[in-house]
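Got the viewer open and the sequence panel handy? Let's walk through this one stop by stop.

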Amino acid sequence: MMKYLVAGALALALAASPAAAKTLVFCSEGSPEALNPQIVTTTTGMNAGRPMFNNLVEFVPGTTQIVPALAESWEISPDGTTYTFHLRRGVKFHANAVFTPTRDFNADDVLFSLMRQWKEDHPFHGTPGATFDYFRDLGMPDLIRAIEKVDDHTVRISLARAEAPFLANLAMPFNVMLSAEYGELLLRRGEPARLDADPVGTGPFALVGYQKDIAIRYRAFADHWNGRQKIDTLVFSITPNPAVRLAKLKAGECHIMAFPNPSDREAIAANPSLRLLQQEGLNIGYLAMNAARPPFDNVELRRAVNMAIDKRAIIEAVHQGTGTVAKNPIPPLLWSYNEAIEDYPYDPAQARRLIAEAGYPDGLDTDLWYMPVNRPYNPDGRRVAELVQADLARIGIRTRLVTEEWDQYRVKLQAGEPPLALYGWTGDNGDPDNFLNVLLGCAAARPGGNNVAKWCLPEYDALVTRAKATSDRSERETLYRQAQEIFKREAPWVPLAHSIVFMATRKEVKGFGIDPLGRHVFEGVDLDGEASR
């Protein structure tokens, strides 16, 4: 990836140059898997690519409302299977060291961007790292029947069946629009991998360069269709340690920081130079059990693990009053949440009996994986792992704690390697399908999928598949509540916590807020005063 940095990008200085009026520095929590959101599955990766791209439709910042973006308008057929998009005219693409666009965004770019993910014979389908896991987890390869160019400014997408979340899914980061003209140039140059490593989009910011584990640097795109941004330079300063992020924020080395430690929130709120932001999160932190192979293919053993873990102790010790105990795989904020479900009780004695009945009277030894970075749904992966380890030891499950670098951790979880693993999710589109299908459906249980428990139960899968095929909200709610009952019975996870999400900014930052879908939105953000210079 390094060889694709544009000229001068290796010098990723965080201070503004004399010619740059305003530089905003965001202290982010980790390096992205890639810079093109099409080929990532985490909020870290999606947020890294967001400034560079637009979708056909997008969410209003701070909401789940869908509005026009690169498509000015659209129509949906009465049966819900045909979507006709009318494209915005005059939309410009970024340039980089090897590419200067000669035309505006048009229907060819829509076909290029979607066909690349859909068709295995597309010349950019097999580029390194391009597995399109999110596209596949949502079942889009089977859902889409045709993508047609009606004319230069009209695209028709036909579906094999109606799908209620389809428009919301088009607004998600993995469906960003790329430049077909750039792709053609890279094929001629023999550099197809550059499409993802040095991406070109239509977004409010253009990429300047990326140095892994150090920084990503962007510049405001003067010709953006929605107007030029108020800040000239945007820098992601990659800082995995939350204490270091806070130190940088206090020193003025960054203007915004992701996910401070819960223990630091009072100090941030009391600091006259800082501002603490908080919002109830659309998230879930959980312990996944690999249900595809022994020993956790045994449902009695999975139920025992659910009874062994003291969730309230985790909330008190780690979340420190900023989270709530989870019992379902979706957060209480989300419609169709099944309040009537009763959680497994914290009952170590009963858990020991279940382990014996499952065929492990002497207990067992296994690995417990934990995240090396803090996330909004889990502010301290190591500490949560230690508490879980102690709880499991009391019922005879002896665990060895294991972790990896964040990018490899995600890869190995999605490959199905760990028997026990801490993970979590922040909703991407405000629809229950984004949790119940993406995280627990059979399509997502494949290697590389987001169903890291690798649990596939046809009875459950039929419910979530039926639910997304109808636009009747009450029917969808009924089906999703039934699916949550099956989830609780079969126990592929231990749902641990829903958290309040915290971020912090310096006082001179204007227009930045926490987004319920886990996005870091920098459009419209400004800096006041001399501190911005």
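Select T23: is T23 buried or exposed? T23 is buried, with a relative accessible area of 4%; buried means under 20% relative accessible area, exposed over 50%, and partly exposed anything in between, with a 1.4 Å probe and protein chains only.

A word on what you're looking at: this is a predicted model, where local features need pLDDT of at least 70, side-chain atom pairs count only at pLDDT 80 or more, and totals for chains, interfaces and linings use all residues. Residues are numbered from 1 along each chain as its sequence is written, and side-chain values use heavy atoms, with hydrogens and water left out.

**Still at T23**

T23 sits in strand β1, residues 23–28. Helices (H or I, at least four residues) and strands (E, at least two) are DSSP runs numbered from the N terminus.

**The four-stranded sheet**

Next, select β4, β5, β7 and β6. In that order they make an open sheet with antiparallel pairing; two strands pair if DSSP finds at least two bridges between them. The edges are β4 and β6 (144–151), each pairing on one side only. On average, neighbouring strands are turned by 20° against each other, direction ignored. Axes here are lines fitted to C-alpha atoms, for helices over the stretch in contact, and angles run from 0 to 180 degrees between N-to-C directions.

Now bring in α2, which packs on the sheet and touches β5, β6 and β7. The direction of α2 makes about 165° with that of β6. Contact means heavy atoms within 4.5 Å.

Zoom in on β5, residues 82–87, where five of the six residues are buried. On one side, β5 pairs with β4 (residues 71–76) in the antiparallel sense over five bridges, and L87 is the bridge partner of A71. Follow the chain through the hairpin: five residues lie between β4 and β5, and G80 in the turn has a positive phi of about 75°.

Then look from β5 to β7 (residues 154–159), an antiparallel pair joined by five bridges. Here T84 stands opposite R156, and F85 has V155 as its bridge partner. In a regular strand the side chains alternate between the two faces of the sheet.

**Helix α6**

Jump to α6, residues 180–189, whose buried residues are A180, E181, Y182, G183, L185 and L186. They pack against α2 (107–118) and α7 (194–197). At the start of α6, a side-chain oxygen of S179 comes to within 3.3 Å of the backbone nitrogen of E181. Just past the helix, G190 takes a positive phi of about 70°.

**H224 in its loop**

Select H224, in the loop between β9 (215–220) and β10 (233–238). H224 counts as buried because its relative accessibility is 9%. Show everything around H224: leaving aside neighbours within four places in sequence, it is in contact with N54, T202, G203 and P204. The H224 side chain reaches the backbone oxygen of T202 at 3.3 Å.

**Last stop: the largest pocket**

Which residues lie nearest the centre of the largest pocket? Pick E33, A34, I39, G129 and V411, out of 29 lining residues.

Terms used
Polar contact = N/O pair within 3.5 Å; in protein donor to acceptor, adjacent residues only side chain to side chain. 1 Å grid on protein atoms, 1.4 Å probe; cavity = no way out; pocket = protein on both sides within 12 Å on 5 of 7 lines; lining within 4 Å.
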